[in-house]
2 protein chains.
Amino acid sequence: MSPPLHISISEKLRHQIESGVYTSGDRLPSEHQLMETFSVSRITARQAVANLVSQGLAIAYRGKGVFVTPQKKVTYSLSSPLVFLEQDMARQGIAFSFENLVFEPAAAPSDAAAALGIPKASPVYVQKKLFRMDGAAGAVDLTYLIADLGDRFAPLLEHQMTFPILAQNGIPIDCLDAVIECTHADYDLSGYLEVPLGHALMVYRYTAYSSDQQPVLHGATISRADRFCYSLSTRAGASA
Amino acid sequence: MSPPLHISISEKLRHQIESGVYTSGDRLPSEHQLMETFSVSRITARQAVANLVSQGLAIAYRGKGVFVTPQKKVTYSLSSPLVFLEQDMARQGIAFSFENLVFEPAAAPSDAAAALGIPKASPVYVQKKLFRMDGAAGAVDLTYLIADLGDRFAPLLEHQMTFPILAQNGIPIDCLDAVIECTHADYDLSGYLEVPLGHALMVYRYTAYSSDQQPVLHGATISRADRFCYSLSTRAGASA
DNA sequence: ACAACCAACTTGTTATAACAAGTGAGCTTA
DNA sequence: TAAGCTCACTTGTTATAACAAGTTGGTTGT
């Protein structure tokens, strides 16, 4: 009838977080404190905390403690007219910064090649960016299918917004195909994205086409599922 | 340098799943077998399995064992022209069934009321459906903002697809606002959806408008994040 | 004053142990 | 034959214990 102890403790802490006893960034009681407060073993206290961490409500740092994760989500609007992540955040007035990690000619990854309809390992440009906004971090992987990109405006793409730069250079993005899915952080991502292993991630994968229906780039925006959500609208004058 | 034992074991099992040693529905080695195979304690073996379960790669049943979750995801296309879940699955040739749980007049829930722009607790119709497709289950909560729904075609909505029934009765759905986010199963949902506590869920929330821009209904489609994904396209003749 | 060290805290990993509880096969009994 | 029981196996929960490893602040020594 009664739930396991670790669930009860989790729920108690969750309610305290939701009711404001602990707010964004606060330190939760240490495992030792939970042991004494609830008269349980460390395993049980640990499992209670693990429940919160696995759901993204808190994050643990070895040597420091367990801290409440900000609960507010950043909404990325996918509605027409198409805007890239940077633009949409600017429109919403959310502080946004990104850091270029990689920008170089490379052989097309197999998934991007398939999406772009080109042979695997075709020559493309690959860009990797980290972005930060409102305390949350994410990653963007881009695969550009533009032959002479390097000579023309590659340097611009390293430091400026992708879509406007493309448009200014005669390649306006007209439409795209996209998939939104949820995956989990694996060992490849930990550190790179500061996401605990096993944490849920939102992945937004898209293929962008120019106005003549030719594929231009393939992208993946990877973000923490507890900090990001996506919105779309088919209404005429919508701007939510 | 070397990762913790339980991570190594998780990875080994994950690779075995991905390489086909264990496929959809197969039983993984029991905790006792893992203890002997890898010469570790039960805690470590358990933690290795817990990693897989928390990522949705496997699901554990007490008394039976741990079984591989189907990895294939069902894609729900949100592209224009608007189609409801049932229709899109039928179009893709995926076996689909739903079960009506609740259909009754009720006071509008606060979130639906806010989305529909009506006072809280206004009279509405509330419907709850469970659906099954391709081995996955999900739930649909609908809040209808139609005053004389009961007298006209309410019974039809219990057993047939929502959008066509609305259209046939003079209420064609023209456009919608939607948000896609990822949450986690809490105690309310376990059992109801056969989702383990803490499991990631995809939530698709939308407000549907008729052709005269009046809100008609508010809905939420809740599904397992490891079994569902959403796609959209702004291309003209797209049908992916 | 400053650097180095250390002690006390934190979470992370792992072992051993026991009991609870759900499942299923096989045996026993009516 | 059929119902019911038992036993072996499964995962779930919890306790105690020890060490590893990262952080922080205070103390000590130069």
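## Surface near DNA strand D

With three residues, α3(A) gives the most to the surface near DNA strand D (helices are DSSP runs of H or I with at least four residues, strands are runs of E with at least two, and both are numbered from the N terminus). The model is predicted, and local features need pLDDT of at least 70, side-chain atom pairs count only at pLDDT 80 or more, and totals for chains, interfaces and linings use all residues. Residues are numbered from 1 along each chain as its sequence is written, chains are lettered from A and ligands numbered from 1 in the order in which they are written, and side-chain values use heavy atoms, with hydrogens and water left out.

Around DNA strand D there are 24 residues, of which Leu5(A), Ser41(A), Thr44(A), Arg62(A) and Arg42(B) come nearest (a residue is near a strand if one of its heavy atoms lies within 4 Å of it). By class, seven are nonpolar, eight polar and nine charged (Ala, Val, Leu, Ile, Met, Phe, Trp, Tyr, Cys and Pro count as nonpolar, Asp, Glu, Lys and Arg as charged, and the others, Gly among them, as polar). Sugar or phosphate holds 69% of the atoms of DNA strand D within 4 Å of the protein, and bases hold the rest.

## Polar contacts with DNA strand D

Chain B approaches the phosphate oxygens of DNA strand D through a polar side-chain atom of Arg46(B), at 3.1 Å, and through a backbone N or O atom of Glu31(B), at 3.2 Å (a polar contact with DNA is a pair of N or O atoms within 3.5 Å). A polar backbone atom of Gly63(B) lies 3.3 Å from a base oxygen of DNA strand D.

## Surface near DNA strand C

DNA strand C is also surrounded by 24 residues, the closest being Arg42(A), Leu5(B), Ser41(B), Thr44(B) and Arg62(B). Here α3(B) supplies the largest share, three residues.

A base nitrogen of DNA strand C lies 2.7 Å from a polar side-chain atom of Arg42(A). A polar side-chain atom of Thr44(B) is 2.7 Å from a phosphate oxygen of DNA strand C.

## Helix packing in chain B

Helices α1(B) (residues 5-18) and α3(B) (residues 42-54) pack at about 50 degrees, their axes 8 Å apart. The crossing of α1(B) and α3(B) is right-handed (the near helix is turned clockwise from the far one by less than a right angle).

How values were computed:
Axes fitted to C-alpha atoms, helices over the stretch in contact; angles between N-to-C directions. Polar contact = N/O pair within 3.5 Å; in protein donor to acceptor, adjacent residues only side chain to side chain.
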